[in-house]
Amino acid sequence: MTIRDSIIAQEPAFYYFIKTFILDHDSWQTLNILSSHDHVYVLSGVIRDFLTGDYGGARDFDIVLRHGNFKDFDILRFLRKSERSKNSFGGLKIRHYNEVVDIWRMSDTWGLKKQNLGLTPESLINTVFFNFSAIVYDLNNRKFIFDERFCSFLQTLTMDVVYPETPNVPLCLVNIYHYQKRYGYRVSERMGRWIKAHYHEEYDLETVQLRHFGNILYSNEIIRNYICQVIKKVNMYKIDWDKYLSSERYRSQSEFKKHQEAVNNEEKRNAFESDFGRVAFSSALRRMHDKAQVMPLTTGDSVHTRLTHSIEVMSIAYSLGINLCRDKDFIKMYGKEQAFEYERSIPMILKTAAFVHDIGNPPFGHFGENIIQNYFSEYLKKRIVTDEQALDFIHFDGNAEGFRILTRLQYIGDLSGLNLTYATLAAYSKYPNSGDVNKAYIGTKKHGVFTSESDILEKMAEACNMKTQEGKIKRHPLSFLVEAADSISYNVMDIEDGMTMGWYSFDEMVKQLDYYLKELSTGKTTSVLAILDIDFVKNSIDENDQKRMMCDFRVSAIRYLVNLAIRNFKNNLEDIDKGIYSKELIEDGDLLSKAFQKFAQNNIFPQREIEQIELTGNSVINGLLDILLDCAFNPDKKFRNHLKSVISDTFLKVAQREDDASIKPEAYKYFSKSDVLSYDIEKLSPYSKLRTIVDLISGMTDRYAVSMYQKLSGQRLS
């Protein structure tokens, strides 16, 4: 008999086990009344202990209701006879004589809400932390619902992690030790890596026990010693990098035979090094020199633009790649020769992806994104495109526009753009999602790929191992490092820009950061300079040398966050590989980046200079959209023709190619000026008209957008 068959065979016995040994008469009657009004599921330790034969008296009896109906008179009478309080799921903790029953609605289960899962028992077992909890008992149908994860536990008595995110990490750490101590359960490699990634010495595990169990079972020292022993035995997870580092391209062959032969005979670069050259010479990258990072339309050269920011992100991303490939665990895992080969690929992919990470940002940065989203939320209330196409505008995002620029809009005769390798595109793709926004997973938090590029997304996902077992698209592992490089750069450099602008002094910054760290750590006094191991007195730096102190602060902060990112990347590689890791690397278990963000929110972004220019951006982008859309959809051909004086020939060619697949690509290689002038925009689909106008505005620099709006609105003539 298999493990599965054995579990199923015990379904009738478990029903009578609950009735006879777990619940008294009142509680049993109430449970049956509930099942007549609702669907009732029993879960947690009582099932595990029954099936392992280790039952020694259940501490809690956990019940989940499909809907949560308590309106029956007999149920209310039972509740009045019992002591009750609110539990962690927003349901009831009922104490009835010697019993403790936890009961809540399925929709209130933390993991279901976090992952936006359906209200099913299968969803329940996908949200538990321990594999020995991956089973529920359907009381209505008197049967167990479980999967292979629970079978594996029952066979090996080894604890493993099912859903790694939890609102109470310290409690999970206590429980791991408790189950090992009480039952002798072993810890899996995966759980060991989870412990290594999430354990912090400052956790007060005694207080956790007191709050949860009502008394202290184990001292902090005993649990910490056990955890340290587990961590020492943990090996780095071995990811199959070859599956992710695809050098394939959307267009596999060059159309120029002589060029292809020369490349084959003379090219010394690998495919990823070639990608960097394609990006470095692109016009879209050059336009980033006049796009805002923190301060739009600044006339000075001491604060960052999108281009200088991107150069710094590129530098940090490259460092992350080098740190990873030269890590002793990495070399031990893959061997020196293979690690050296990866060192030629991974840092270069990161470098190129980071260089272009903001290439799709519209004028006025993230505020510009919001303006476009708000505009089309109103404009498309009367649908002129499909609901799927409308997402491209209602959820407009610079990442999606960047993906389009890289794959379409750098047009040289075909619809493959710069024709980068799939690995570089995948590392760039922070949100590989062409569907609706779903914040349950980090890769679908935004609409990161437009409908027009969904075919490339699909091919990229297939080429770069970006599909989960369920067939959903997951993030590429390297995209986490590109994201970390971006976050490290703006967290630190935005603060430096604010000081350069004279908005605060270095001492004021440190004082504020210390305050936010104390607030985030619930009252624990923490010094940002101590965290970064900075001692200006020891280093003999003049306290009045604010610029020098900021420089030292910047270097130390970047080093600290780079090390944090690599550590979290290594510790969570298995979950990243499986597509279930859903955090930013520098925010996972660390408060410093959160303190930086709070500082920026309160001391940088509300500055009057920024808000005034963002109001200018609002007028400019809304005004351009009004004027250009009116021309595009105007019944008068003369007005439609005026639009061609603004839209680049390249964008028009792309729109025509996308709209009319029947025209052979060769026909567009020598697409003449007269062909453009004679073309009536009315022939384009409504989607292509909207797409072309948004492409046009997104590609504008801040100053060019202002200048163009002034010209088109009649405020200036030249």
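Me: Leaving aside its neighbours within four places in sequence, with which residues is Phe393 in contact?

Reply: This is a predicted model, in which local features need pLDDT of at least 70 and side-chain atom pairs count only at pLDDT 80 or more, while totals for chains, interfaces and linings use all residues. Residues are numbered from 1 along each chain as its sequence is written, and side-chain values use heavy atoms, with hydrogens and water left out. Contact means heavy atoms within 4.5 Å. By that rule, the partners of Phe393 are Ile372, Gln373, Phe376, Leu380, Tyr687, Leu690, Arg691 and Val694.

Me: Is Phe393 buried or exposed?

Reply: Phe393 belongs to helix α21 (residues 387-394); helices (H or I, at least four residues) and strands (E, at least two) are DSSP runs, numbered from the N terminus. A residue is buried under 20% relative accessible area, exposed over 50% and partly exposed in between, using a 1.4 Å probe and protein chains only. Because its relative accessibility is 0%, Phe393 counts as buried.

Me: By what distance are the C-alpha atoms of Phe393 and Ile372 separated?

Reply: Ile372 is one of the contacts of Phe393. The two residues are 21 residues apart along the chain, and their C-alpha atoms are separated by 7.1 Å.

Me: Which residues touch the most other members of the largest nonpolar core?

Reply: A nonpolar core is a set of buried Ala, Val, Leu, Ile, Met, Phe, Trp, Tyr and Cys residues joined through side-chain atoms within 4.5 Å. The largest one has 146 residues, and those touching the most other members are Trp241, Phe330, Ile346, Phe376, Met509 and Phe553.

Me: At what angle do helices α22 and α36 pack?

Reply: Glu401, Arg404 and Leu409 of α22 meet Arg691, Val694, Asp695 and Ser698 of α36. Axes are lines fitted to C-alpha atoms, for helices over the stretch in contact, and angles run from 0 to 180 degrees between N-to-C directions. The axes of α22 (residues 398-409) and α36 (residues 686-698) are 11 Å apart, and the helices pack at an angle of about 105°.

Me: Which residue in β5 is the bridge partner of Ile94?

Reply: Strands β4 (residues 92-96) and β5 (residues 99-105) run antiparallel and are joined by 5 bridges. In their hairpin, which has 2 residues between the strands, Tyr97 takes a positive phi near 60°. Lys93 stands opposite Asp102, while the partner of Ile94 is Val101.

Me: Which residue of β5 does Ile63 stand opposite?

Reply: Strands β2 and β5 run parallel, joined by 5 bridges. Strand β5 is mostly covered, with 5 of its 7 residues buried. The residue opposite Ile63 is Ile103.

Me: What is the relative accessible area of Asn419?

Reply: Asn419 lies in the loop between α22 and α23 (422-428). Although not a glycine, Asn419 has a positive phi of about 55°. The residue is buried, with a relative accessible area of 3%.

Definitions and conventions:
Pairing = 2+ DSSP bridges.
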